[in-house]
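Colleague: I would like to go through this model with you. Keep it brisk, please.

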Amino acid sequence: MTGVIKILPSKTFVAVAFAVFGFVGLIVWGEYSSWKSQVAYIEAELIHTAKALVQHADDTIDMAKFPLAAVVTEMEEERDEPNMAAKITGLIKRQIDTTPWLDALSVFDADGRMIITSSSIDASGIDFSDTEYFVFHQSSDTLEPVLGRPLKSKLSGQWILPVTQRINNPDGSFGGVALATFILTDLTDFFQGFGLGSEGSFLLVRRDGVVLARAPFLQTLLGSSVSTYDLFTTHLRQRHSGSYHYVSPIDDTQRIGGFYQSEHSGMVGLASASKSEALATWMRGARIRWASYFILVTITGFLVWRWRRQIMLRQASEALLVAREAEFRLLAEGSGDLIQRFNGHGIREYLSPSVREIFGVDAEAMLGTHILENLHEDDHDVVSQVMDRLRKGSTRENMIVRRKRADGKQIWLETTLNRLPGGTGGTDIRIVAVARDVTRQKSIQEELDALANTDELTQLANRRSFNIHFEEMVLQAAQKLTPLSILMIDADRFKFFNDTYGHASGDDCLRALANVVRGSIRRSKDLAARYGGEEIAVLLPDTDGAGALKAAENIRLRVAGLRLPHEKNLPWGHVTISIGTATFYPAVGAKLTTAELFERADHALYRAKNNGRNQVAAGGDEAMRSTVRSEIKSV
């Protein structure tokens, strides 16, 4: 037996140590999985943003081709007409009016002179024959619209993006160029509306690697080639859309990038976010969790060390060992937080894997469900108000609500909701919620509240609870215009009882009186409390003076009926009580504080004492209406 005692603690400690290390491993794995999920989510959002960027650019440039085609066709058909310039000018004006995102439409002759334009700036004397797009169409016989490099307009000095088309003479020779332009800052302003943080960036690149636009605007990069960057040399060769992590060659910022290449135009969009900025929200939550895990592991390690020491010293009893084991299991089986993402309508878009442990259901089954689903009806208003505040601009909200698990069990959830950056407000927002199960803590808190508000001896409410409920009942009576009555009960000559029979018997007597009072008030809204010593107070809402006197007399008679011996309480020889009542009548315009109402009942109690004890007396106006005096009845 001795050998077993020496070996068993060591083996047990090793097993526990493995359990602790396993628990720590689960924490590490959970955090790693959470981080990977967050990164994957950011990557998917960036790819989606890049796709939207490219599709917008495709649509914008495609729409420029229709005005160009109309101008070129009109030029070729009306070439010999004497009023051709007026017709072309009218056509260009109509096209500009119906295509508001175009900056200008212009026509150049074969010598590079601007002969017609929608611009109000005088172009006379300006030679455009040296521009890249003009030189290209001089040497190329293609009749398709061509997207050129970004350049500074010779007219306005602004950076523009040109789309051009060749104009042929009747014999097929070069006859000039039709030009449609976009202002680059308009395009980059649209890109920045996606909101990728203060360090995010967008890049629009032609299929040959020429940079067409960048946000934030960077003049030195426009028109340059990035065909030697990893995006073109590695990633686009493998797939048309995806994500990758890189260090920006422009500002040396570590970024997460999502790219997309259009199958229609070949244009490439790159949306990127600063890695540190994108993961900042997750890191803030992670630091809190890590601190909690550290405290948890530290406490667990301390408990294990103490537990082993107590075993080795043979000082702990079997019950203590069981309790320590239960405490350790409670700590070791703690789960990670549940992370959810909602849109502005309160619909779930993402749930972390811990939903299985907390809600008892897989994440896939809850995607697309509403935040109010399976919540306790009494908490619907709380959640709706929180969602409204987030839609109106609040960035962070906290709430504790009740929810039903898949197995029907109700749990309490403590949830922190954070509004994500971006969106235009209202329902166009995204919300991340971090929730944890606090059902046990809530139950413990309720038990502590009950202990804090209950008198230990009589199990009635204590004085603190009485004062709180007294204030609330007076306010409710004033609001509803209903009467509120109070009874002040005191055991007659109780000091003599203690001196004669001892304090233990005095405690038994008080418990007996409390049981009588408790059994005499039937309504759930009534409240009985031990006010102090042998004094008991009873609050009776919706009860007038007559009702209070009736209730008090009933209690007095039932106490007398106990026939508890009290030889010093003459002339009866058994325990009796005196009761004072007072009533608040707000319906007749009375205004009364709790102190004033209590004082009336207390004065009535003293009057009952001074008038001979073992009787009920009413305070205030009720005292002038009736006083009930008890008659001694032999049993």
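**Overview**

Modeller: Buried residues make up 44% of the 635 residues in the chain. Keep in mind that this is a predicted model.

Colleague: How many helices and strands are there in the chain?

Modeller: Among contacts between residues at least 6 apart in sequence, 57% join residues at least 24 apart. As for the elements, the chain has 18 helices and 21 strands.

Colleague: Which strands stand at the edges of the open sheet of five strands?

Modeller: The sheet has antiparallel pairing and the order β8-β7-β11-β10-β9. A strand at an edge has a single partner strand, so one of its sides is left without a neighbour in the sheet. The edge strands are β8 (211–215) and β9 (241–247).

Colleague: By how many degrees are neighbouring strands of this sheet turned against each other on average?

Modeller: Direction is ignored for this value. The average is 20 degrees.

Colleague: Within this sheet, which residue is the bridge partner of V205?

Modeller: Strand β7 (residues 201–205) pairs with strand β11 (residues 268–274). Their pairing is antiparallel and covers five bridges. The partner of V205 lies in β11 and is V268.

**Helix α5**

Colleague: Why do the buried residues of α5 line one face of the helix?

Modeller: In helix α5 (residues 230–238), the buried residues are L231, F232, H235 and L236. An α-helix has 3.6 residues a turn, so residues three or four places apart point the same way. Seen down the axis of α5, the buried residues line one face because they fall within an arc of 120 degrees.

Colleague: What do the buried residues of α5 pack against?

Modeller: The face turned away from the buried side of α5 carries the exposed residues R237 and Q238. The buried residues pack against strands β7, β9, β10 (254–261) and β11.

**Strand β20**

Colleague: How many residues of β20 are buried?

Modeller: I577, I579, T581 and T583 point one way from β20, and S578, G580, A582 and F584 point the other way. All of them are buried. For strand β20 (residues 577–584), the count is eight of eight.

Colleague: Which residues stand opposite G580?

Modeller: Strand β17 (residues 484–491) runs antiparallel to β20, joined by eight bridges. Strand β21 (residues 616–618) runs parallel to β20, joined by three bridges. From the β17 pairing, M488 stands opposite G580. In β21, the residue opposite G580 is A617.

**Two helix pairs**

Colleague: Are α13 and α17 roughly perpendicular or oblique to each other?

Modeller: Helix α13 (residues 463–480) and helix α17 (residues 594–610) have axes 10 Å apart. They pack at an angle of about 105 degrees. Angles of 65 to 115 degrees count as roughly perpendicular. Therefore α13 and α17 are roughly perpendicular.

Colleague: Into which classes do the residues of this contact divide?

Modeller: F470, E471 and V474 in α13 meet T594, L597 and F598 in α17. The contact divides into four nonpolar, one polar and one charged.

Colleague: How are α14 and α15 oriented to each other?

Modeller: The axes of helix α14 (residues 494–501) and helix α15 (residues 503–520) come within 7 Å. They cross at roughly 135 degrees. α14 and α15 are therefore oblique.

Colleague: How many nonpolar, polar and charged residues does the contact of α14 with α15 have?

Modeller: From α14 come F494, F497, N498 and Y501. From α15 come H503, S505, G506, C509 and L510. By class, this contact has five nonpolar, four polar and no charged residues.

Conventions. Residues numbered from 1 in each chain as written. Predicted model: local features only at pLDDT ≥ 70, side-chain atom pairs only at ≥ 80, totals over all residues. Heavy atoms only, no water. Axes fitted to C-alpha atoms, helices over the stretch in contact; angles between N-to-C directions. Helix = DSSP H or I, 4+ residues; strand = E, 2+ residues; numbered from the N terminus. Parallel < 35°, antiparallel > 145°, perpendicular 65-115°, else oblique. Contact = heavy atoms within 4.5 Å. Nonpolar A, V, L, I, M, F, W, Y, C, P; charged D, E, K, R; others polar. Pairing = 2+ DSSP bridges. Buried < 20%, exposed > 50% of the residue type's maximum accessible area, 1.4 Å probe, protein only. Arc of directions from axis to C-beta.
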